[in-house]
Amino acid sequence: MESGKAVPDTSNDPSSDQAELERIQNFKGKYPKQLWHLFFSEMWERFSFYGMRGMLVIFMVNELTMKEETANLQYGATQAFVYAFTFIGGLFADKILGYRKSLFWGGILMIVGSIVLALAPKELFFLGIGFNIVGTGFFKPNISTIVGRLYKEGDPRTDAGFSFFYMGVNLGALIGGYLCIAIANGTLFAGLVPAELRWNVAFGLAAIVMIVSLLTFTNTQKSLASIGKSPLLHLKDSKRKLYEVLTFIGSLAIIPVIMLMVAKTEYTDIFMYIIGPASLVYILYEMRNFSWEVNKKLVAAILFMIFSIFFWAFFEQSGGSLSLFAAHNLDNKLLGVELDPNGVNNSANSLFVILFASGLGLLWLWMNKKKIEPNTIVKFGLAFIFLAGGFFIFYDARFFTDANGVSSLNLFTTGWLVITFGELALSPIGMSVMTKLSPHKLQAVVMGMWFLASAYGQYFAGLLGAGIARASENSNNYEKLMVYTEGYGQLAIYSLIIGVVIIAASYWIKKLMGGVK
């Protein structure tokens, strides 16, 4: 569909495409106009993704009657495959489909998965999850890569652009993260949605907004010049289409395998033991085609990926252990307003990103002009220090609890406020630096590896959450709160140590980056 009327074929006029690309990249002001359209496409897709993410553990425990330990492992496996498949999606975008067609195909799969979950969430849970995993793999890394292509190499506005784009991610996550779980729990629209249909409606809402996302991107393509077109335009149409059809068939054929691997988490263990080393071997193989200067930057990119694994392993307790903690150990009053504590857990971080992302991006610009902007390595170190501060606040919940093990939602939300500054120092800047450190031919793959690092973070987050659940099994609510907060205190200490180590090593890492800030 993408190669039809929506995208006129100008592939026979490369000079025209190049002139249009330069016009896009020479935009005036803080942001290119295309960024606004990509912002809204990503916003609705993230509504769908984070809406379902926030429901997973609660749905598995309450509706599929899983133990909390098992639910944490299932959550970690599901999220790990979501991010692992971004590497695969990036690979096929780079080599066969191009960013646009890959994104469109991923959106179609996500819509199908959400509809399946809306129609039969209990009976077809793993089928719906399988479609969403593969679909996200084709969608997520490629829209980020398109954003990176709107800027010339070395443009100091890139970080601000990614921070703004990341705000769109969180606007979708804020709305979807709260609405979906609140509808499913019956704390929102209870009078409108019958109790037996709450989960169906919540999953169905994710499908509707995904359709809006795809329509938005389809309209956006007209203003992207050559960005994201097929890398196989030099081949005959018949041969190119054959490669594309085989890719589509293969992505459908893998869904039953994904269903099995998510349902049986021991298979997830095997997959994670293989995919990481395999991706490193692939990037090392590709590095033979580049100079030492380029390869040093790729080594720096890999180091940032390793740092991010630790960050997301701690941060992504949000969808696992913190989700259960919010459901059982928090009151429902935030600044005097009655709210679903699970909804707050799923959306507070996103609200704070919306409030502060643009300002922080502009702060980076101002500091860059004054030549006082901290480099990317220091930003990563600061991210861990803020993460440590947030988890110390979660630990402090034990000092504000009642005899029933119910603590303060206000304090919990303050923890997310602190963690948000850590996320803003790492995640949007991380996406930006991946595009800066990778050659154009590998950008989608490197971006995919960035999300693959997130997959390992999700995987370890599931293991950590399962460990906490196991330690608190057969405990009363007060004892569970003590076990959970003790675990969060340990994560705070580890985060602080990692942050200090990264800042201390910044001089040597900066050498590898070869001038990239």
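What percentage of the 517 residues in the protein chain is buried? Buried residues, meaning those under 20% relative accessible area with a 1.4 Å probe and protein chains only, make up 59% of the chain. The model is predicted: local features need pLDDT of at least 70, side-chain atom pairs count only at pLDDT 80 or more, and totals for chains, interfaces and linings use all residues. Residues are numbered from 1 along each chain as its sequence is written, and side-chain values use heavy atoms, with hydrogens and water left out.

**Overall fold**

The protein chain has 17 helices and 2 strands, taken as DSSP runs numbered from the N terminus (helices H or I, at least four residues; strands E, at least two). Its radius of gyration is 22 Å, close to the 24 Å that the globule rule gives for 517 residues, so the chain is as compact as a globular protein of that length. That radius is taken over C-alpha atoms, and the rule is 2.2 Å times the number of residues to the power 0.38. Of the contacts (heavy atoms within 4.5 Å) between residues at least 6 apart in sequence, 84% join residues at least 24 apart.

**Cavities and pocket**

Spaces were found on a 1 Å grid over the protein atoms alone: a cavity is a set of points where a 1.4 Å probe fits but cannot get out, a pocket is an open set with protein on both sides within 12 Å along at least five of seven lines, and lining residues have an atom within 4 Å of a point. Grid points are joined across faces, edges and corners, and a volume is the space filled by probe spheres set on the points. There are 2 cavities of 30 Å³ or more.

| Space | Volume | Lining by class |
|---|---|---|
| Largest cavity | about 300 Å³ | 11 nonpolar, 9 polar, 5 charged |
| Second largest cavity | about 110 Å³ | 7 nonpolar, 4 polar, 1 charged |
| Largest pocket | about 1200 Å³ | 15 nonpolar, 16 polar, 16 charged |

Ala, Val, Leu, Ile, Met, Phe, Trp, Tyr, Cys and Pro count as nonpolar, Asp, Glu, Lys and Arg as charged, and the others, Gly among them, as polar.

Of the 25 residues lining the largest cavity, Tyr50, Tyr83, Tyr166, Glu316 and Glu423 lie nearest its centre. Helices that each supply at least two residues of this lining include α2 (33-62) and α14 (409-437).

The second largest cavity is lined by residues including Phe49, Arg53, Gln79 and Asn132. Two or more of its lining residues come from each of α2, α3 (68-119) and α4 (125-149).

The largest pocket has 47 lining residues, with Arg149, Glu153, Pro439, His440 and Gln443 nearest its centre.

Notes
Buried < 20%, exposed > 50% of the residue type's maximum accessible area, 1.4 Å probe, protein only.
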